[in-house]
Every structure is written in C-alpha cells, then in structure tokens.
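Please view the sequence and the coordinates alongside the text.

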Amino acid sequence: MIRMETVLECKNVTKYFGGLAAVNDVNLEVGKGEIVGLIGPNGAGKTTLFHLISGFEKPTSGTINFKGGDITGLKPFKIANKGVTRTFQLVRPFYLMTPINSLVVALLSDRAKRMGDQSKDIQDRAWGLLELVGMAEPINMVRLCNTLPYGDLKRLEIARALASKPELLLLDEPFAGLAPEEVTRMQLLIQKLQKEGNTIIAVEHILRPLMKIVNRVIVLHHGQKISEGTPKQIAEDRQVIEAYLGARGLALA
Amino acid sequence: MGFPARIKKSLVEFKEATKRELIGNRVRRPVLIFPAFLFLVPLIFRDEVLLRWFVEANYVALFAASWDLLVFSGYISFGHQSFFAMGCYTVAMVSLYYNISIGQWWILLPLGALMAFLLGFALGIPCLRWRGPYLILATAVFPSLFEAFITMGKETTGGTEGIPGKLFPGRSLDPVVNTSNFLYNQTMVYYFSLVLLLLAVIFMVIIAYSKRGLVWQAIRENEPAADAAGIDTTRNKVYCFVLSCLFAGLAGAFYVGNVSSTISPAASLRPGLQTDAMTASILGGVSSIVGAVGGAYILTFISYAISILGDWFPILLQLRNVIKGAILGIVFFIIPEGIFRRIYYHIRFEILRELG
C-alpha cells in the first residue's frame, strides 16, 4: 500500500454513555483521497464515532487529529469550518426552505466563504452544487424541501456537506432507505466525489453497494475495532462473520 | 457550472408572474393597497376614538412584528414584553429625571430601543446557549425578573404604582396641558406611529429576507444541521434575538407618551400584550413579518368590534379574550399557516402551475 498523507487520525478514542462503552479505544487513520467504509452490526458505535469526529459528542478520552491539528471536543461548526463535514443518518433538511436556499445557507459558513470562488454569485455556486449532485432542475429553485423525494433529500444532504469544500466528508448511511436505482446513482456520486479528490468515510449497514466502492473497510463491534482491511479481506474475516452472524455463522457463510 | 441562461429566464418569469398576480388580480389588490389606505385613515374617519384604535393597531403590529422576527430563528419568546417594558421605562425615567425639552422628545425613541437591545444582549448571551423548549421556558421568566427589579427600586421607578403621566414633558395628549408638543393631537400621533411602523417593518423585512434571514430559517428548520454545515448557530441566534428586542423596545418607547398615561409594571409588562402579539402573528402567518402586521390589524379590529358591540351586550367585554381565543382557534384549525401566508402560498402555487 502506498503511504498516503494522513487526513484523520483517531487515537484511543473512547466514549462512555453511563457505564456503557459505545466506542471503546478505537484507533484509526484515514489517508487523503480514500473512501473508508465503517461497518458493524447494530449498536456497534459507528454513528457515535461519527458524532465524536464531527463534534456532536465529546469523547470521554482519546484524541482526534485532523491534518495534524487537534479537533477533539470542538463545537460542530468549528470542526465543519476546519474542513470536516457530515451528513446525517436520518436526513435533516431545512424543510420549509427551497433546495437552492438550503445550499446558499451552507455557502454562508466561514469556510465556504473562504474557499469559494467569490467572483461568482452565491446563487450560481449553489446551483453548481445542485448540478454536482444531479439535482439541477428549475423546480428546485422554487419548491420547498418538504416536497422532495427521499433520494433527493439524501443527495441534498451531501451537497450541503460539500458546500464548504471539505477535506473530509463523513457520510452516515448514504444508501439507507434508497430504491435500487437510487443506490446506483448514489454509488456513482460517491465515486465521482472521490475522483474529485475528496476523502470520504461512509458508515453503512447495507454492505453490498458499499463494498463495491470503498478502498478499505473498518469493522466495529461492541464499540471496538475488530478488523480492518480491503473489502475482500473483510468478507473472509472470521471475526467479522462471527460478529454479524454469531459464533456458528461461519458454517452458514 | 454556473447558472444556465434558461434557468435565469424562468426565474425572471416567475418573479414577473408574481408581480402580475399581485397587482393585476382584483381579489388580491387590497393586500397591496392597504398600506396606502392607512395614510388616508385620519382623513376618512374623523373619529378620535377610532383613530386611537388605529394607533393601538400600529404599536401592537410593531411589537408583533418584532416577536415574529425572533420566530425566524425558530425561537418563541414568552417574555417579549420585558423588552417592551424596557423601552417604556427607559423613556419614562429619562424624561422624568433629565430635563428633556418637549421638542426633543423623539430622541428618546432610539434610546428606548437601544436599552432594550442591550437588555436583550445581556439576557440572550447566557440563555441562547440552550436549545429548544428550555430556551422558551427561560424567556418566560424575564417579565417576572423585570418586575422584581422595578419593585426593588421603588424609590426611583415608582414600584408597582408606576410613574404617573403628568411628570413627563412629551407625553400628555391633552392640548390644554401641553400645547407645544408636536404630538398633541391624535392625527399626528397616528401618522407618527404609522411612519414608525412602516420604517421598522421595511427594515425587518429587508433583514429577514436577506441571506442572514436564510441562516435564521435554517436554524429554525434544523439547528444541528445548520451547525454541521458550519454555521455558528449561537451567534446568529443572539443576533436575531437582539434585533427583535430592539424593535420590541421601540414599540415600548413609542407607547410611552402616546398611548399610556402611566407606566407601571401592570401597564408595560401585561401578558395580554404578549398574547396579542402571538395571536396576531399566528393569525397572519408565523415568521413572515408582514403576516404579523396584518394579523395585528385584524386582531385590533376584532377588539374594536367587541368594544362597539359591548355598548349593547356588556357581557361581550368580559368575554373579550375568550372571543379572541376562539377566533384564533378557528383560524388555526382551518388555515394553520396563517391568513397571509395562505394567500402567498396560493399565489405561488398558481404561478407554478401556470409556468409548468
């Protein structure tokens, strides 16, 4: 494997909710330009780890470094302005706003102002984002987000996260709840984002579409990292199969 | 990337169609003509009492609009009358203790607004770190706090008795007492309140429909999502809050000397004002500013109608709030988005259908 520049580094990250360790002593590194899949059974701590990285929760112990700078426990908007943006597992659109205006808002963040091409009108740039995720239709200038289909909402989330030109994009379950053809569109979109130089971490339950696009997979179980490797290695990993299917699942797999 | 000419064209078309629909449609024309009509009110109705109701409508509208501005960022304040009272007391006390000549009376208006702004700043910074219902609960405490301070400083503030009207120079509406006040007759008071209201509303509309307003809306729609997109939500909420307080204070500052003869906690902190503002805003359509102003007019004229009918049926006067509540309930049930917002959505829908 070629040694890449490390973008994100989690060192011994631990998060306790009461007595329960949701994330337990997790170490991970993500290199520039990678797509990393973060998988694991229900309650494995994937989303909690996302919350820790994006600042929605503070880790009990451990540090999170982004491009060498410590971002542990910073407020979400500060982390976003450093270049780590995220989408949510359940979409969080601005329901009573138009899609284009939701993106204009995202373009008003400090980082987006700094990184954006100031010679262009902010509406033009918002339109560019809509084009990027394949939603550039005139109707999206006037209708409200509460009339959008679910797949569009998911893509709008990604567009909003891309507004500040992040260096690390955290996608929380990008395929959940999508129809098969929408899954394919989402796959193509994520691959396109990688080609444009984005680093991506994706949490996912639905393994099939994810495994096709990721470079590396990290498996969490009961808050701990139990395995890491290429999709092929993971699919054959004994521990992973046990985690998903139980101890006797090996026979089934 | 960038805006294709085709899209720009359809946007322009949309805007033109909106204009056409608003000006050309017979049913909707009154919405635009209403502000012009307001300027003619004193010429049409020569009735002092009715004019007084119009003045009432204007300051309630201003207060309702300021409350509505706060709702843009998604927060409902149950204690907004404290900022109104701050405006009242600032004007009342400054004119009581400093020798403000009658001609300079209007200088006190921005001062009242400024003090409400500062109070909003002081209360907003600690409180706006909370989210959701906790913040709303916190705002409900403000009036009690304010009243406690007024009662504590009885010697200077007049305590629960209040500051009687005759003490300030610019306040008396009675031309015999105060002939040199330029606001001495009801017509002037009316025009003054109307201009004040229009300027404030234009300013609020410009801000609320700017990019800053979009950020507030985003916070209202989903605060964590706005946060994740890199928006400093606390700072933006404080900004919205203090602006809202500023206009509430302006309404309060106007109230002194033009409407009320005594400034006491009972007059300036009354919950009725708060509920009136909320009712007006809900009637017209929450977080639209213009809706709140329209709602305030509707509400004030319901009150007026009740007071007229009260001459024959005194029971109506006692049931005043019940009737207002019932009307609010009915409107809320039939058109939850508010009267003026419904009109707006209707126009928008028709244009979209027309343009395809």
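Predicted model: local features only at pLDDT ≥ 70, side-chain atom pairs only at ≥ 80, totals over all residues.

Within E5(A), Gly69(A) is the bridge partner of Phe66(A).

## The sheet of chain A

E4 and E5 belong to an open sheet of 4 strands in chain A, ordered E2-E1-E4-E5, with antiparallel pairing. E2 and strand E5 (69-70) of chain A are the edge strands, each pairing on one side only. Helix H1 (residues 46-54) of chain A packs on this sheet and touches E1, E2 and E4 of chain A. The direction of helix H1 makes about 65° with that of E2(A).

## The E1-E2 hairpin

Strand E1 (residues 6-17) and strand E2 (residues 20-31) of chain A run antiparallel and are joined by 8 bridges. Along this pair, Lys15(A) stands opposite Val23(A) in E2(A). E1(A) and E2(A) form a hairpin with 2 residues between them. In the turn, Gly18(A) has a positive phi of about 65°.

## Contact between chains A and B

Between the two chains, 36 residues of chain A are in contact with 25 residues of chain B. On the chain A side, the elements that give two or more residues are helix H2 (76-82), strand E6 (84-86), helix H3 (99-106), helix H4 (110-115), helix H5 (122-132) and helix H6 (139-142). By class, the side of chain A that touches chain B has 19 nonpolar, 9 polar and 8 charged residues.

Key. Residues numbered from 1 in each chain as written. Chains lettered and ligands numbered in written order. Contact = placed C-beta atoms within 7 Å. Nonpolar A, V, L, I, M, F, W, Y, C, P; charged D, E, K, R; others polar. Pairing = 2+ DSSP bridges. Axes fitted to C-alpha atoms, helices over the stretch in contact; angles between N-to-C directions.
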